[in-house]
Each structure stands twice: as C-alpha cells, then as structure tokens.
Amino acid sequence: MRPDSHEIYGRRKSRNVGVGLVLAAFVALVFAVTVVKLSEGAALGHVDSGSSRSQMLTDDEN
C-alpha cells in the first residue's frame with residue numbers, strides 16, 4: 001500500500017479544500033462590502049478620507 005493512499009489523506013485533502021473554499025468566500029465577501037462602501041462614499045462625495053479635522057471645520061468653528 002502506498003503511503004499517500006491511506007484514507008486519512010483523502011479526508012484531510014477534502015477538509016483542506018472545504019476550508020479553502022470558505023476562506024475564499026469570506027475574502028470575496030469582504031472585498032464586495034469594501035467595493036460597495038467605497039462606491040457609496042464616492043456617490044456621496046466622501047472619497048477624500050485623508051483630510052484632517054482642521055480642514056473639515058468651517059471658518060466660524062476655528
């Protein structure tokens with residue numbers, strides 16, 4: 001019997017494939033949520049997240 005033909009290796013491989021698919025689905029979900037949030041921010045004009053608080057204040061608040 002070949003050492004890689006034992007049933008535990010088959011189980012391990014199928015479990016690894018399952019975990020890999022779940023991980024890939026999670027990454028795709030996080031990516032999709034990020035894209036949606038960025039596109040909503042662009043539609044609302046909130047893309048420039050690098051501006052400082054002092055630049056956001058109006059003249060009467062300074």
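View 1. The model is predicted, so local features need pLDDT of at least 70 and side-chain atom pairs count only at pLDDT 80 or more, while totals for chains, interfaces and linings use all residues. Residues are numbered from 1 along each chain as its sequence is written, and side-chain values use heavy atoms, with hydrogens and water left out. The chain has 2 helices and 0 strands, these being DSSP runs of H or I with at least four residues for helices and of E with at least two for strands, numbered from the N terminus. The accessible surface of the chain, by the Shrake-Rupley method with a 1.4 Å probe, comes to about 5900 Å², and 63% of this belongs to carbon and sulfur atoms.

**View 2. The salt bridge between Glu7 and Arg11.** A salt bridge is a side-chain nitrogen of Lys or Arg within 4 Å of a carboxyl oxygen of Asp or Glu, and the count by this rule is 1. The closest N and O atoms of Glu7 and Arg11 are 2.6 Å apart; both residues are exposed, and both belong to helix H1, where they are 4 residues apart, about one turn of the helix.

**View 3. A nonpolar surface patch that includes Val30.** Leu23, Phe26, Val27, Leu29, Val30 and Val33 make this patch of about 560 Å². Patches are made of residues with over 30% relative accessible area and no salt bridge, with like charges joined within 9 Å and nonpolar side chains (Val, Leu, Ile, Met, Phe, Trp, Tyr) within 5 Å. Val30, in helix H1 (residues 7-44), is partly exposed, with a relative accessible area of 40%.

Notes. Buried means under 20% relative accessible area, exposed over 50%, partly exposed in between (1.4 Å probe, protein chains only).
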